[in-house]
Amino acid sequence: MKNVMIAAIFALFAFTLLDNAEAIHNGWFAPDEVVGQKNPFLSDKGALAEGKKVYKKNCMKCHGPSGKGDGASAGSLQIELPDFSDKGITMEETDGAWFWKVRVGQFEMPPFQLALKDDQIWKAIIYVRSLAK
Ligand code: HEC
């Protein structure tokens, strides 16, 4: 009986976790093979400044100046934007997963694989990470 109880509590817990992740990312998950990809620009000193430029030009209108999802165009979107200033949210995704998401886009998140070079996307991700407290 005790084991059944423990199993039930565990299942409930796992379900709640899954539910949160679904809500935050709208059920949008990168494929397993890209999740472990490392950001090649982590030790590049100029990456943060370049990433900031890319972000201001391409991302800020939706994601907002501090990543809170309060950019000028955010109000016209149907889905809630992720809060990049919240470490609890940004920690859930790897750079590899984000790189993939920014390249291919989904629904109201535009795909950037043609508009930006890969290195610009990696650097923008470094900047987005710097917004999380
Ligand atoms: C037109 C508005 C818009 C622009 C411009 C935009 N985004 Fe997004 N972005 C979104 C929306 C909406 C979502 C949520 C998509 C979803 O969950 O279905 C999103 C999601 C994301 C995610 C996934 C977050 C997660 O953990 O699931 C990342 C990373 C991201 N955007 C980065 C960027 C970057 C970097 C840029 C600029 C190169 C950018 N976005 C430009 C609207 C935008």
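Residues are numbered from 1 along each chain as its sequence is written. Because the model is predicted, local features need pLDDT of at least 70 and side-chain atom pairs count only at pLDDT 80 or more, while totals for chains, interfaces and linings use all residues.

Let's start with the ligand. Around the ligand there are 25 residues, and N26, C59, C62, E108 and M109 come nearest; a residue is near if its C-beta atom, placed from the backbone, lies within 6 Å of the molecule. Helices, which are DSSP runs of H or I with at least four residues, numbered from the N terminus, contribute too: α4, α6 (95-104) and α7 (118-130) each supply at least two residues of the shell. The shell divides by class as follows.

| Class in the ligand shell | Residues |
|---|---|
| Nonpolar (Ala, Val, Leu, Ile, Met, Phe, Trp, Tyr, Cys, Pro) | 15 residues |
| Polar (the others, Gly among them) | 6 residues |

Of its 20 residues, F99, I121, A124, I125 and V128 touch the most other members. The largest share of this core, 7 residues, comes from α7. Beyond four places in sequence, I125 is in contact (C-beta atoms, placed from the backbone, within 7 Å) with N39, D95, W98 and F99.

Finally, K68 sits in the loop between α4 (60-63) and α5 (87-90). K68 counts as partly exposed because it has 16 C-beta neighbours inside 10 Å, between the limits of 20 or more for buried and 12 or fewer for exposed.

Definitions and conventions. A nonpolar core is a set of buried Ala, Val, Leu, Ile, Met, Phe, Trp, Tyr and Cys residues joined through C-beta atoms within 7 Å. Two residues are in contact if their C-beta atoms, placed from the backbone, lie within 7 Å.
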